[in-house]
Amino acid sequence: MAVQDIMPTWVGATAKQIARGVRRGDVSATQVLADHLDHVAKADVDLAAFRAVRGGEAVTEAEKVDEQEDLANLPLAGVPVAVKENTPVAGVPTWNGSAAVRSAVAEADHEVVRRLRGAGAVILGVTRMPELGLWGITDDETAVTRNPWDLSRTPGGSSGGAAAAVAAGLVPIAHGNDGLGSIRIPAACCGLVGLKPGRGVVPCQLGAEDWFGLTEHGMLSTTVADAAVGFQVLAGRAQSKLVPPQRLRVGVSLRSPVRGVSPDAPNRDAVAAAGRLLAGAGHDTVPADPIYPTALGLKGIATWFAAAAADVRAAGVDRRALQRRSRRHVALGEWAWRRGYVREADRLAWRERSINFFTDHSVDLLLTPALASAPPPAAGWSTRSWQANMLASIRYAPYAAPWNIAGLPALVVPVGRRPDGLPLAVQLVGPPGSELLLLGVAGQFEMASPWPRHAPGYPRVGTGSPTSA
């Protein structure tokens with residue numbers, strides 16, 4: 001039986017399935033792209049995941065893939081990929097989630113986009129984010145981006161459009177970046193795998209200061225195998241298979257980095273379920289709470305403020321042109337910078353303490369909740385106050401930010417569902433260089449307890465399963 005007979009459309013297939021099909025000649029990159037463009041045209045009306053779709057340009061790129069004689073060394077041959085709108089794609093404006101901060105049409109690709117293209121990927125379009133990537137909720141004056149699992153809920157932020165696109169099967173994988181959780185938070189909201197690599201593993205080159213070293217590029221995917229392929233492409237590494245890790249000692253903590261915020265019952269249950277999965281895979285779990293100093297939160301928030309101010313200064317934009325919530329954020333950033341509250345020495349001290357956590361507790365990894373509560377409503381947060389946006393973002397997603405400040409790799413993996421049907425997830429954190437180890441453990445989760453690869457009802461056509469990748 002021909003592959004075309006069992007795959008009438010390639011929407012819903014994994015990136016690995018698509019690349020394998022294109023390399024074998026079972027399907028053309030042009031046909032794969034056509035399938036996905038058709039699905040985007042129908043489904044993104046409700047989701048608003050994409051800022052712009054590169055229809056004709058993407059078709060030309062797919063044709064160039066099909067014209068290549070040797071596809072054997074292209075791990076993403078013909079795979080439609082979305083890029084977050086703050087990362088330059090040649091021929092497209094870099095929106096940065098903001099009409100005020102949007103830059104002109106990019107003359108060249110960012111390095112991570114160049115690497116994706118070099119691996120055979122076809123850039124289908126760019127996905128939405130909140131203004132300057134500041135918020136854990138994705139919307140602006142033109143659209144509210146919605147979670148495919150529940151259209152009344154946000155897909156998270158700031159890589160909210162990327163997560164919505166993958167969870168709905170608009171693309172099999174999507175690029176994102178993570179300054180204080182902006183890959184992991186949307187991955188948790190949308191039932192995806194989201195890896196933030198450690199500092200320096202993937203070239204950043206984003207904004208004015210890379211958010212003072214807090215930001216990393218990564219991928220969102222429906223399977224661990226796709227996450228591994230995407231990570232290795234972005235990191236410029238040769239493709240290698242994940243090896244199931246041998247017996248590990250994993251610290252488990254429910255402690256919140258934010259005083260007064262604690263995980264709700266479903267998120268506590270997700271950590272307990274993850275602990276059972278770890279035990280079932282032959283690993284040991286022990287209680288191990290990081291000590292989050294109060295000063296860390298204050299200085300981390302000050303860095304967040306100052307990063308926004310630096311980006312606005314570099315763009316030459318008057319902050320009065322920004323959304324109300326962002327104006328105050330930038331003003332506070334200017335104040336924090338003048339007062340000397342943003343210091344590299346403080347970030348380095350937390351990095352050292354975080355690395356020492358693993359040796360001090362004799363653990364290989366740390367397991368925490370991914371979120372503290374359900375994703376907030378999908379609504380016009382861009383018109384609401386700074387305080388409302390701050391409280392909403394911090395109260396539901398406090399667990400990601402410390403590991404950006406430390407520059408350590410961290411991964412979110414789905415584990416079950418909330419009583420309302422929304423996905424649940426947990427976070428795994430490791431010492432420097434542990435990206436493949438984190439992915440290996442996530443792969444054990446996936447084998448023992450497979451999750452739905454897409455939100456219910458999405459994609460409306462297509463096949464594919466985690467184990468077939």
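Select Arg418 to begin: it sits in the loop between β14 (410-417) and β15 (423-429), strands here being DSSP E runs of at least two residues and helices H or I runs of at least four, numbered from the N terminus. You're in a predicted model, where local features need pLDDT of at least 70, side-chain atom pairs count only at pLDDT 80 or more, and totals for chains, interfaces and linings use all residues. Residues are numbered from 1 along each chain as its sequence is written, and side-chain values use heavy atoms, with hydrogens and water left out.

Stay on Arg418. At 13% relative accessible area it is buried (under 20%, with a 1.4 Å probe and protein chains only). Now show its contacts (heavy atoms within 4.5 Å): leaving out residues up to four places away in sequence, Arg418 touches Asp264, Pro266, Asn267, Ser373, Ala374, Pro423 and Leu424. Ala374 is 44 residues from Arg418 in sequence, yet their C-alphas are 8.2 Å apart.

Next, select helices α11 (residues 294-315) and α12 (residues 324-338), which pack at about 105° with axes 7 Å apart. Those axes are lines fitted to C-alpha atoms over the stretch in contact, with angles from 0 to 180 degrees between N-to-C directions. That makes α11 roughly perpendicular to α12 (65 to 115 degrees). Among the residues making the contact are Trp304 and Phe305 of α11, and His329 and Leu332 of α12.

Last, colour by pLDDT, the predictor's confidence in each residue from 0 to 100. The chain averages 95, and 96% of the residues score at least 70. Residues 1-6 fall below 50, with 5 contacts beyond near neighbours in sequence. Residues 462-469 are also below 50, with 24 such contacts.

Note on methods
Parallel < 35°, antiparallel > 145°, perpendicular 65-115°, else oblique. Buried < 20%, exposed > 50% of the residue type's maximum accessible area, 1.4 Å probe, protein only.
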